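Have the model open while you read.

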Amino acid sequence: MINDEPSQAPPSVLYHYTSLEGLIGILTSGTLRATLITQLNDRLELGPGLRALTKVLEEHKAHRVLEELRDKDDDRVFVSCFCTSPSMIPMWSTYAAAAGGGYAIGIRTEKLTDATVLGVADRRPALRRVSYDHSVAAANIDRLASAMVVEEESDDPQFAEGWSANEILDQAAALKSPPWSHEDEWRLVITHHTFCGYDREQSLRCRPSLHGPVPYLEVKMWSPPTSEDDWTYGGAEKGSHVDDWLESVWIGPTDGQLERATGLEVLLRQAGAAPHRARMPYRSPDRGQGEESLIHFSPLAMR
């Protein structure tokens with residue numbers, strides 16, 4: 001179903017699907033990667049949304065914002081992606097069959113707004129719900145533009161406080177084509193002034209891929225334990241800063257889930273998180289009641 005209510009409040013937990021390598025990296029560092037948006041799997045990222053929003057700005061003669069957009073040729077947009085459920089078959093089809101299996105990390109949504117961008121002082125990513133209907137998003141911008149404050153005898157209407165070229169880029173990053181609507185996605189969006197100075201460039205990292213180096217920014221959530229005193233995990237009496245963020249880690253539907261659950265519990269303890277955060281998408285007679293996914297998987301579906 002096409003998402004036509006981008007302003008809707010998010011669920012209490014959002015899920016980040018990732019590989020075993022990604023899971024270990026996130027739990028041991030307390031950071032997420034926000035990937036350069038042009039390096040994602042949709043070739044049409046950012047461009048169509050930016051064109052749709054620019055058209056609305058031109059119609060309202062918002063010259064100041066348009067000029068700011070033109071001056072931001074060196075800016076780059078980075079995103080970290082989340083889904084609303086740990087039971088999304090297309091996502092598991094992508095991640096669960098990878099070496100080591102896939103995982104869905106449940107992060108408490110209220111905490112995501114506290115995340116910070118490493119290497120960039122006082123920067124926080126914007127949490128956006130993705131819209132899969134560009135005309136609806138453009139209509140929302142049109143309504144906002146109609147409410148702009150226009151000074152007498154001014155031919156340059158101004159957006160209300162908080163609207164800027166960065167805001168338009170953030171909005172454009174939250175627009176995708178309808179075929180991707182099955183992801184029901186939310187995003188952390190960062191507009192980064194990539195090439196305007198040495199310090200800005202140093203905040204970027206690159207990871208290897210089949211298509212060369214992929215630039216990303218690091219988004220800090222919690223700080224990992226640094227001493228034995230910090231090495232505690234949550235329970236009825238005491239919780240840790242990790243458990244404030246981490247609601248669950250779901251084990252992808254492939255063979256060997258029980259063995260993977262044992263390793264995941266150790267990994268959670270090492271990260272300072274409660275081992276009961278580990279979840280499997282079916283009830284296991286060998287491990288007690290367990291957790292039930294919304295759907296039941298067969299390993300055959302992942303081959």
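Is the crossing of H1 and H10 left-handed or right-handed? It's right-handed. Keep in mind that this is a predicted model.

**The H1/H10 pair**
- Helix H1 covers residues 20–29 and helix H10 covers residues 257–270; the two pack with their axes 9 Å apart, at an angle of about 25°.
- Angles under 35 degrees count as roughly parallel, and H1 and H10 are therefore roughly parallel to each other.
- On the H1 side, the contact is made by Leu23, Ile24, Leu27 and Thr28, which meet Leu264, Leu267 and Leu268 of H10.
- Sort the residues of this H1–H10 contact by type and you get six nonpolar, one polar and no charged.

**Strand S7: how enclosed is it?**
- S7 spans residues 185–193, and nine of the nine are buried, so the strand is largely enclosed by the rest of the structure.
- Both of its faces are covered.
- One side of S7 carries Glu185, Arg187, Val189, Thr191 and His193, all buried.

**Strand S7: who does it pair with?**
- Strand S3 (residues 75–83) runs antiparallel to S7, and nine bridges join the two.
- Cys83 has Glu185 in S7 as its bridge partner.
- Strand S6 (residues 126–129) is also antiparallel to S7, joined to it by four bridges.

Definitions and conventions
Residues are numbered from 1 along each chain as its sequence is written. This is a predicted model: local features need pLDDT of at least 70, side-chain atom pairs count only at pLDDT 80 or more; totals for chains, interfaces and linings use all residues. Side-chain values use heavy atoms; hydrogens and water are left out. Axes are lines fitted to C-alpha atoms, for helices over the stretch in contact, and angles run from 0 to 180 degrees between N-to-C directions. Angles under 35 degrees count as roughly parallel, over 145 as roughly antiparallel, 65 to 115 as roughly perpendicular and the rest as oblique. A crossing is left-handed if the near helix is turned anticlockwise from the far one by less than a right angle, and right-handed if clockwise. Contact means heavy atoms within 4.5 Å. Ala, Val, Leu, Ile, Met, Phe, Trp, Tyr, Cys and Pro count as nonpolar, Asp, Glu, Lys and Arg as charged, and the others, Gly among them, as polar. Buried means under 20% relative accessible area, exposed over 50%, partly exposed in between (1.4 Å probe, protein chains only). Two strands pair if DSSP finds at least two bridges between them.
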